Amino acid sequence: MTALATKPIPRQSTFTSFGAQVIYGLIIGLILGFIARSQAWLVPIVSEVGSAYVSLLKVLVPPLVVTAVITSIANLRQVTNAARLAWKTLVWFALTAFVSVLVGIGVGTVLQPGRNTAVDASTADAPTSVGSWAAFLQGIVPSNIFGLQVGIKESADGLSASPNFDVLQLLLISIAFGIAAVKVGEKADPVLNVASSVLEIIQKVLWWIIRLAPIGTAALIAKAVAVYGWEALSSLGTFVLAIYIGLALVIGVIYPLVLKFNGLSVRRFFAHVWPVTSLGFATRSSMGVMPVTERTTVEKLGVPRAYASFAVPLGATTKMDGCAAIYPAIAAIFVAEFYDVPLNITHYLLIIFVSVIGSAATAGTTGATVMLTLTLSTLGLPLEGVGLLLAVEPIVDMGRTAVNVTGQALVPAVVAKREGIMDEEAFAAK
């Protein structure tokens, strides 16, 4: 019996591990993408496979948020200083966003992407979706108990309705139900037990979906290479370069410094979150990757589930260093330079303010366009400048989302470490 109990568990080979499989998916996706550029019949196939995988990830987000948050609030009774955890999470969200936007301003000021561009002024066009502080305040109030929304689209075939959910509203509803269940006491125990059981089932199904990540990554990268290409770089190359330099500085310098400052291994952290980062790059969706982020944060980074179930969904809506810090800072500088509008210290302070405080105003929206319009309108810059950058939107969005989801895993790990609740053996495991 003792021999069986102490028998070492065989370690998975580095070349067959899940992280390695995701890398293989990226390489295969690049190859398929270049093939698809000359073989048009392959494009719809990789597009459908990639879209199906993102849909599989997204379909689990609503039940995962509801059950995980309700269960975590019930479990927080066993965690000391729950309010302190929530406060420190918000503080670290703000601190990393503050440093990220400073990086964006610095890179934009040095490279001057708006003056080193050949983009056609006729492409300037104001977007249909514009971010505003009023819209944010209205958006956090749930319109129904499920946080559901229905978007109406007009096409050649007529009107079509597409249901969607606002994860911030869903988060608030789940928090309210969880607190109420705790206040009710023993009478709510059956509900909490059901929520816990459903959460276990969802996590099992989620793992099955996660195992398909190499296939989904290959299809999504193939689609990106085949459909978007790199032709747009001819006129906006400096802007794209500035964005990726800023993103590289955040993920390659700022995040490692934060980890080192808090006594965490940089190598181990990035080894654990690599599937999250690569999926964010491929899917371009923080919401779609959120289930994978939460699972990785709990099982690989050693963050208690009771805390991660709160921090990760909150981060997926408000913690976006790529979309809400680096991108709007450099894009605002680009638009100002293109229209020859001088920026002063007040403008730069407003960029910092919007990036640190205003990222929540884009919760429930797609992409960073709404965040950019919020920044431009706050600075008094022409909203038509958004249209100048749409040609390279998919290219920069991949890098932005990769940084977003990495930061969403970073902060819970840092807070858990600082509060002494991290499972350090899990974090240190290879």
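Is Arg115 buried, partly exposed or exposed? Arg115 is partly exposed, because its relative accessible area is 49%, where buried means under 20%, exposed means over 50% and partly exposed lies in between (1.4 Å probe, protein chains only). Welcome to a short tour of this chain, which is a predicted model: local features need pLDDT of at least 70, side-chain atom pairs count only at pLDDT 80 or more, and totals for chains, interfaces and linings use all residues. Residues are numbered from 1 along each chain as its sequence is written, and side-chain values use heavy atoms, leaving out hydrogens and water.

**The chain as a whole**

- The chain has 18 helices and 2 strands; these are DSSP runs numbered from the N terminus (helices H or I with at least four residues, strands E with at least two).
- Of the 430 residues in the chain, 50% are buried.
- Taking contacts (heavy atoms within 4.5 Å) with a separation of 6 or more, 84% are between residues 24 or more positions apart.

**Salt bridges**

- The whole structure holds 9 salt bridges, each a side-chain nitrogen of Lys or Arg within 4 Å of a carboxyl oxygen of Asp or Glu.
- Asp340 and Arg115 pair through their side chains at 4.0 Å, N to O. This pair links distant parts of the chain, 225 residues apart: Asp340 is in the loop between helix 14 (321-338) and helix 15 (345-357), and Arg115 is in the loop between helix 5 (82-111) and helix 6 (133-139).
- Asp340 itself is exposed, with a relative accessible area of 59%.
- Asp397 and Arg284 form another salt bridge, at 2.9 Å, N to O. Here too distant parts of the chain are linked, with Asp397 in helix 17 (residues 393-418) and Arg284 in the loop between helix 11 and helix 12, 113 residues apart.
- Asp397 counts as buried at 4% relative accessibility, while Arg284 is partly exposed at 28%.
- In helix 12, Glu299 and Arg295 lie 4 residues apart, about one turn of the helix, and their closest N and O atoms are 3.4 Å apart in a salt bridge.
- Glu299 is partly exposed, with a relative accessible area of 39%, whereas Arg295 is buried at 17%.

- Helix 11 (residues 266-283) and helix 12 (residues 286-299) have axes that come within 9 Å and cross at roughly 170°; axes are lines fitted to C-alpha atoms, for helices over the stretch in contact, and angles run from 0 to 180 degrees between N-to-C directions.
- Helix 11 is therefore roughly antiparallel to helix 12 (under 35 degrees is roughly parallel, over 145 roughly antiparallel, 65 to 115 roughly perpendicular and the rest oblique).
- Residues of helix 11 including His272, Val273 and Val276 take part in the meeting with helix 12, where the partners include Val289 and Val292.
- Ser285 sits in the loop between helix 11 and helix 12 and is buried, with a relative accessible area of 10%.
- Leaving aside residues up to four places away in sequence, Ser285 touches Lys58, Gly280 and Thr401.
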